[in-house]
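Student: I would like to learn how to read an entry like this one. Please show it to me, and then we can go through the features in turn.

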2 protein chains.
Amino acid sequence: MKPVSSGLQILLPCLLQVVLCQCNDTGSKPVKNIGVVLFPSFDVFDVFGSLEPLNLLSLQRQLNLYMIAATLDPVPTAPRAMNAYNSSFGQVIVPSHTFDSVARDHSIDLDMLLVPGGIGTRAPDLNSTIQFVADVFPRLQYLVAPCTGAGIAARAGVLDGRRATTNKRSWGATVAYGPRTYWVARARWVRDGHVFTGSGVTAAVDTVFAWIGHVWGEAAAADLALGIEYERHTDPSWDPFGEHYGLSDVPPLN
Amino acid sequence: MKPVSSGLQILLPCLLQVVLCQCNDTGSKPVKNIGVVLFPSFDVFDVFGSLEPLNLLSLQRQLNLYMIAATLDPVPTAPRAMNAYNSSFGQVIVPSHTFDSVARDHSIDLDMLLVPGGIGTRAPDLNSTIQFVADVFPRLQYLVAPCTGAGIAARAGVLDGRRATTNKRSWGATVAYGPRTYWVARARWVRDGHVFTGSGVTAAVDTVFAWIGHVWGEAAAADLALGIEYERHTDPSWDPFGEHYGLSDVPPLN
């Protein structure tokens, strides 16, 4: 049997590592692995507007990206409904992982999951996407759901008992998905604990910057914004669009 | 031989169509076909920030998109250089057409070509991309080159004798590509005739909105901005970033 001092010699570095790990960033372990949920007809700005500063940040610290979809087939952005004007206008994105593989493989230690919105959130076959969000949520440090991605988060149940916001043009349809959520009508974004929701489309950038500021500090966020020549909205209550549509808060149903 | 009146009956609708076509939009034929140049390590915001309002517009009028790359292989956004922090962080986009096929097939009647920037503009093997821009430019109604995409346009010779702007952090390296261009140091974007260039990264959205306003009118641009909850910069001389870096205009070399 080893003497106690020798046991401590072995244990101490581990304990130190645990303590350091817990103290890094905002008291949690360092954020490193970011997942993005992809589904047909997702909104490209929700995804790439959010990824732009993170692409830059990945050149300054270790970040790993998981582009996650139902299958590994490339994901089209064009609405599946017949285009009324006969437009042929869409982009196609290649996923790196499937919902199943990430949900099952707990060695994939996702720290943040980005859930975008888009026309595809209205599709009838969104169940696997919603289920994936519900499945991995307990493993996440952060969920970021801009635009109608908040509707997916609501349907996954992860906004229950929380304050949230969403796209102001799709307000009524989206808040109906979250009867146990307090929906804030005048907000560029809302943070409730480790869940960030954002207003419509371009609000995704301000939302992800708020998240970056929360995780890595405002100086890091400001430096990234300068790098992409972006004038941030730093006031979460700035929202001329909620005002434009004359929206009011929607409290949870009793 | 048909009588003259009968000939006119056949000719008139055609003449009318030509006249209507010429009068539409800004005196040119209607803008319908939009090409996007893709190359490894292009900037996702330059592409998808610009495409977001056009994706929406394609639901309101006929627009066709050509995602054009050297080959049909999916195009990665991650820098090819070894990531100093061991990040694995990139997205992969599927092109729809090749440079060769579009350059050769004149039945592909591109009205606008979007040339994005990004870290990939510094790659040593950008020749096919630059050559493609030079090849198709004479067939275009409009060229839109935000960020360091202006450097590609300059190297293709299409900014010679024009005023332009570009990314303010990459200013020196990019303006060096265009010794016959007047580079405007304090500009969110610059329009010179049918060529629009934009400042860095997020300026792409303001640049494409300026282009949309030019082609389809300010009301259409304002409606699309509302739809994506975007507060535009509508003053092309707004540029705190050119100011931040203390940049001055660079006139063409004699």
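**Reading the chain, the interface and the salt bridges**

Tutor: Residues 48–207 of chain A are 27% helix and 19% strand, with end C-alpha atoms 13 Å apart; helices (H or I, at least four residues) and strands (E, at least two) are DSSP runs, numbered from the N terminus. UniProt, in an unreviewed entry, gives this stretch the feature "domain: DJ-1/PfpI"; positions follow the numbering used here, feature names are shortened, and annotations may be inferred rather than shown by experiment. This is a predicted model, in which local features need pLDDT of at least 70 and side-chain atom pairs count only at pLDDT 80 or more, while totals for chains, interfaces and linings use all residues. Residues are numbered from 1 along each chain as its sequence is written, chains are lettered from A and ligands numbered from 1 in the order in which they are written, and side-chain values use heavy atoms, with hydrogens and water left out.

Student: How much area is buried between chain A and chain B?

Tutor: The size of an interface is often given as the accessible area lost when the parts come together. Here the buried area (accessible area, 1.4 Å probe, that two parts lose on being put together, summed over both) is about 4,600 Å², with 59% from carbon and sulfur atoms. Phe89(A), Leu226(A) and Glu229(A) supply 18% of what chain A buries against chain B, more than any other three residues. The contact (heavy atoms within 4.5 Å) takes 54 residues from chain A and 54 residues from chain B.

Student: How many salt bridges does the rule find across that interface?

Tutor: Side chains of opposite charge can pair when their charged atoms come close. The rule asks for a side-chain nitrogen of Lys or Arg within 4 Å of a carboxyl oxygen of Asp or Glu, and between chain A and chain B it finds zero. Over all chains the structure holds 18.

Student: Which residue meets Asp125(A) in a salt bridge?

Tutor: Arg80(A), at 3.5 Å, N to O. Asp125(A) lies in the loop between β6 and α4 of chain A and Arg80(A) in the loop between β3 and β4, so the pair ties together parts 45 residues apart in sequence. On the scale where buried is under 20% relative accessible area, exposed over 50% and partly exposed in between (1.4 Å probe, protein chains only), Asp125(A) is partly exposed at 48% and Arg80(A) exposed at 51%.

Student: How far apart in helix α3 of chain B are Asp100(B) and Arg104(B)?

Tutor: They are four residues apart, about one helical turn, and form a salt bridge with closest N and O atoms 3.6 Å apart.
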